[in-house]
Amino acid sequence: MTTMNQDQLRAIFHYLKVPASAYDLGNNMRLGACETIEHTPQGWEVYGIERNSKYDIEVFSNETDACLDLLYKVMHR
């Protein structure tokens, strides 16, 4: 099984020249709309954020599935 972590996902986004404003990898530094990933007590959350409000929250049990979901969302946005 292939695994992926946030560092690898960041490298993929960089390689594909995805603007950094399109995603946030868990540091909650984006003020505008973007897709983000966050590790919480519930699991790995992937969601959209706009005006500090989360929407379309999906929770995954592992980082790989969350990273793959975020990659899909950002590339098909």
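Residues are numbered from 1 along each chain as its sequence is written, and side-chain values use heavy atoms, with hydrogens and water left out. In this predicted model, local features need a pLDDT of at least 70 and side-chain atom pairs count only at pLDDT 80 or more, whereas totals for chains, interfaces and linings use all residues.

The chain contains two helices and four strands, where helices (H or I, at least four residues) and strands (E, at least two) are DSSP runs numbered from the N terminus. Along the sequence these elements follow the pattern α-β-β-β-β-α. Of the 77 residues, 40% count as buried, a class defined by a relative accessible area under 20%, with exposed meaning over 50% and partly exposed lying in between (1.4 Å probe, protein chains only). Contacts are defined by heavy atoms within 4.5 Å; among those in the chain with a separation of 6 or more, 34% come from residues 24 or more positions apart.

The four strands form an open sheet in the order E1-E2-E3-E4, with mixed pairing, and two strands are taken to pair if DSSP finds at least two bridges between them. The edges are formed by E1 and strand E4 (53-60), each of which pairs on one side only. Strands of a sheet pair through backbone hydrogen bonds, either parallel or antiparallel. E1 and strand E2 (residues 34-40) run parallel and are joined by two bridges, and Tyr23 has Glu35 in E2 as its bridge partner. E2 and E3, by contrast, run antiparallel and are joined by seven bridges, with Ile37 partnered by Val46 in E3; a hairpin links these two strands through two residues. E3 and E4 also run antiparallel, here with six bridges, and the bridge partner of Glu45 is Val59 in E4. Two residues likewise separate E3 from E4 in their hairpin, in whose turn Arg51 has a positive phi of about 55°.

Helix H2 (residues 63-75) lies across E1, E2, strand E3 (43-50) and E4, and runs at about 170° to E2; for such angles, axes are lines fitted to C-alpha atoms, for helices over the stretch in contact, and the values run from 0 to 180 degrees between N-to-C directions. Strand E3 is mostly covered, with seven of its eight residues buried. Within H2, Lys73 counts as buried because its relative accessibility is 18%. Lys73 touches Glu35, Val46, Asp56 and Glu58 when residues up to four places away in sequence are not counted. Thr64, also placed in H2, counts as buried because its relative accessibility is 9%. With the exclusion of residues up to four places away in sequence, Thr64 touches Thr2, Thr3 and Met4; Thr64 and Thr3 are 61 residues apart in sequence, yet 5.3 Å apart in space, C-alpha to C-alpha.

A nonpolar surface patch is formed by Tyr15, Leu16 and Met75, which together have about 360 Å² of accessible area. Patches are made of residues with over 30% relative accessible area and no salt bridge, nonpolar side chains (Val, Leu, Ile, Met, Phe, Trp, Tyr) being joined within 5 Å and like charges within 9 Å; a salt bridge is a side-chain nitrogen of Lys or Arg within 4 Å of a carboxyl oxygen of Asp or Glu. Leu16 is located in the loop between helix H1 (6-15) and strand E1 (23-24), and is partly exposed, with a relative accessible area of 41%.

Note on methods:
Areas by Shrake-Rupley, 256 points an atom, 1.4 Å probe, with all protein chains shown as cover.
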